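User: I would like to go through the terms used for this model. Please set each value against its definition.

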Amino acid sequence: MAKCISCAAPLPANTNKCLYCGSHNDVDLENRHSYTVIQKQSNQLCPHCDKQLQTIALNINGAFLIARCEHCFGLFFDPGEIDALLENAVSNVFDTNRQHLDNINKDRYQGNKKVKYIKCPVCRAFMSRRVFAYRSGVVVDHCKNHGIWLDSGEITHLLEWKKAGGQLLHERTIEAETNSSHYKTARDYTDTLPRYADKSPVIDLFEAVVWFIGKYFTD
């Protein structure tokens, strides 16, 4: 569990405000990626605070720019950027620790968090809510045209999820479901085929003779 940078008290899951000293902590990127503020204010608005977002650059491979609210520490990612960040931050995961995944989600679960539909920082249309990936425990706000919003602490949750093998489990689950779907499709197609193989050559010859007789001798 993260600790307050001011008083070292434990921070509640998915929050940045210390209950003991009241200070705010930028827990999303603390001790994970150094970053530089490129643009103090942008045209994008925070869906919670309704204030202009910053543009920050993460010091990873090449230019990696994301939008960030300096008040609530929410983050807005362009399509595909979360996957790129997770890939860069966590690597060499070859197994899944299901118990660890359960503990992560249990520790970070916020039962009293109200369901709230928020607007995209770019187009201001209401975003949809969906689970990020299998057993991630994170429900993201998604705009199909512009990207994904993560509340404070949720990127940390996803980093822990991937480190515990969550993404590996997700990929294996998708692969299994795809293979199962392909098998069902092939089986259904096979079941609809005419059973030509069930007929012997003798039966085929008999049916041909009957057709010939009916065609030319009954008119």
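User: What makes S5 and strand S6 (residues 139–143) a pair, and in which sense do they run?

Analyst: This is a predicted model, where local features need pLDDT of at least 70, side-chain atom pairs count only at pLDDT 80 or more, and totals for chains, interfaces and linings use all residues. Residues are numbered from 1 along each chain as its sequence is written, and side-chain values use heavy atoms, with hydrogens and water left out. Two strands pair if DSSP finds at least two bridges between them. S5 and S6 have 4 bridges and pair in the antiparallel sense. In S6, Val 140 is the bridge partner of Arg 130. Strands (E, at least two residues) and helices (H or I, at least four) are DSSP runs, numbered from the N terminus.

User: Which strands stand at the edges of the sheet, and why?

Analyst: The open sheet has 7 strands in the order S1-S2-S3-S4-S7-S6-S5, with antiparallel pairing. Strand S1 (35–39) and strand S5 (128–131) each have a single partner strand, so one side of each lacks a neighbour in the sheet. These are the edge strands.

User: Why are H2 and H3 called roughly antiparallel?

Analyst: Helix H2 (residues 98–108) and helix H3 (residues 154–163) pack at about 165 degrees, with axes 9 Å apart. Axes are lines fitted to C-alpha atoms, for helices over the stretch in contact, and angles run from 0 to 180 degrees between N-to-C directions. Angles under 35 degrees count as roughly parallel, over 145 as roughly antiparallel, 65 to 115 as roughly perpendicular and the rest as oblique. H2 and H3 are therefore roughly antiparallel.

User: Why are H1 and H3 called oblique instead?

Analyst: H1 and H3 pack at an angle of about 55 degrees, and their axes are 10 Å apart. H1 and H3 are therefore oblique to each other. Contact means heavy atoms within 4.5 Å. On the H1 side it is made by Ile 82, Leu 85, Leu 86, Glu 87 and Ala 89; on the H3 side by Ile 155, Leu 158, Leu 159, Trp 161 and Lys 162.

User: How do you know that Lys 162 and Glu 87 form a salt bridge?

Analyst: A salt bridge is a side-chain nitrogen of Lys or Arg within 4 Å of a carboxyl oxygen of Asp or Glu. The side chains of Lys 162 and Glu 87 meet at 3.2 Å, N to O, and form a salt bridge. Lys 162 lies in helix H3 and Glu 87 in helix H1, so the pair ties together parts 75 residues apart in sequence. The structure holds 6 salt bridges.
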